[in-house]
Amino acid sequence: MKIFLIILFAILAILLVLFVSWFMIMKVNGKCPLCAMKKIFLPTKLTMDISEDEDYPIGEAATPPMGWSSWNTFRNHIDQDLIMEVANAVKNSGLEAAGYRYINLDDCWQSSMRDADGKLQGDLKTFSRGIPKLIKDINKLGLKVGLYSSNGTLTCEDLPASLGNEDLDAKTLASWGCEYFKYDFCHKQRIHGDCPAIEYVTLNKPETSIDIKLKPEQAKLTGRARVMKMNDVPSKKAIGYLGFGAGTASFDVDIEERGKYVFTAVFHKSFSRHKQYMQVIVNDKIYEIFFPEGNGFSDTGRAQIYIELKQGVNTITLKNPVITLTDSSYIQYRRMGAALKNATSQWAMFTHTQEKPITFSICEWGTAHPWNWGSKAGNLWRTTHDILPNWTSIHLLYNRTIGLYEHAGPGHWNDPDMLEVGNGKLTEIENKTHFSLWCMMASPLMLGNDVRKFVNGIGEPDWSNPALRVVTNKHLIAIDQDTLGKPAKRIKKLGGVDIIARPLANGDVAVCFYNPKMSSKSVHYQLDELAQDKYLNIQRAKEAYELHDLWSDERSNGVSISVNLPKHGCAVYRIKSV
């Protein structure tokens, strides 16, 4: 026991020495160690103030997007002929008439090579006719096309992705006529909160004599930011404590000639195993600098970007607001969203055509709680990891998403992933419940099955297919697409049954009774309880409520509902107070 305590104290002593050393090294290099430690205690918190950031445009996502995606059934085995077969099936099966508009190509549509101009291109064999031609052919059917990339160095299938190429890829998508974009999270590279001390900044305009130097003592400092002497070179001063949200440094610069300028940051080098980061905010426009890992022999380095300056006084602010992984995700997804928004606008102006906005699907898997910031970056955000065609997966995704109802609304939706209706060994009861829960939660309805099976031999809808009948239930689709855009909340658990409800635009309320158990359950519910929930905004009935069973299409009047639910079964009613 005594030896164990000696070893333990020795380990703790070593850790303490390492911590103190790290703490002091951070300080002498102009970095805030206490600020950096916040990421340990606030791992999924967005620490940045985004209250003044504009929402991503609603575009075509005023109601949850509906369509089909290639991944769940075909994964990496897609080609241009198969996609056209699917598009024709969506048209001929009645899916398009029911509201399904998007044909979304998930991973593996692209070549492993960018073209000579650095642009993404379709696989040179499986999409040999080119993605623009495919999009035009699908558009002729009255359908829209979505494409896929990842917020990383590669996609999940190790193909070219868009991190660092956001502007170029957004312009490419817009020029092709893409109208939906899913942005995954594989091969991610987080933005680090570390920022070097800045010794000075220069602004020069190419091919002119304009050359301006901004010194540390000219800066207006906020927070913990400070002008400090660098210990290894005492004669030098630098602006420190800009990283991990510690503070900011701002300069007001009077410019005689507007235009593009070279911004050079001369920074103090310190050992770093990661790229350091700084935002340069010029008159509210954000530019970004990534500093290399600190392995050079000299004590100073230079980093350059182009910025646009106006004639007159310009405000230039330096900071690194990143503390947590969530901060990093927000910056990167908002960067892509801004690129998409700008690209569609610029393409419409260039071609003198009507703008085709791109619905932006944030596929960050819910790890950084995107429901807290997703509306500022895109139209919908994954709340979970990938769905699987089994009930355990479907229930887990539902259970994760149902409590997030307050974060969604017109143009900005919680996304518990694509539908598995018709896939795996799901029973017809489970297919109905899966579809019902997604409609109640105002989820995007992206089919993930082989919809070619929905068309019979003479090219007409095969209404004998139970999965087709499920996904075209017009009453459930009307709930999902309700213009009020308020998702369901779980209002009660009763005898093992989840009771979830959502208010509708005409004053009705949709109520779903869901049995997650492995055995049948019976439930009796008094409808006057609905009027006690302010979120549902329904008046207590004077005598009775009008009840519409959305699966049987039966209508009745009553003050209560009694249902017997098989395992994984549900019942959904549209209720009107009369």
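Phe513 and Tyr573 are both buried, where buried stands for a relative accessible area under 20% (1.4 Å probe, protein chains only). The model is predicted, so local features need pLDDT of at least 70 and side-chain atom pairs count only at pLDDT 80 or more, while totals for chains, interfaces and linings use all residues. Residues are numbered from 1 along each chain as its sequence is written, and side-chain values use heavy atoms, with hydrogens and water left out.

The structure contains 20 aromatic pairs. Rings of Phe, Tyr and Trp (its six-membered ring) pair if their centres lie within 6.5 Å; planes under 30 degrees apart are stacked, over 60 edge-to-face, and the rest tilted. Tyr102 and Tyr180 make a tilted pair, because their ring centres are 5.1 Å apart and their planes stand at 55°. Tyr102 belongs to strand β2 (residues 102-104) and Tyr180 to strand β4 (residues 180-184), so this pair ties together parts 78 residues apart in sequence. Strands here are DSSP runs (E, at least two residues), numbered from the N terminus. Tyr102 is buried, at 5% relative accessible area, and Tyr180 is buried too, at 4%. Phe513 and Tyr573 form an edge-to-face pair, with 6.2 Å centre to centre and 80° between the planes.

Turning to the strands, β7-β10-β15-β12-β13 is the order of a five-stranded open sheet with antiparallel pairing; two strands pair if DSSP finds at least two bridges between them. Its edge strands, β7 (220-223) and β13 (285-291), each pair on one side only. Within this order, β12 (residues 276-282) and β15 (residues 312-319) run antiparallel and are joined by four bridges; Ile281 has Thr317 in β15 as its bridge partner.

How values were computed. Buried < 20%, exposed > 50% of the residue type's maximum accessible area, 1.4 Å probe, protein only.
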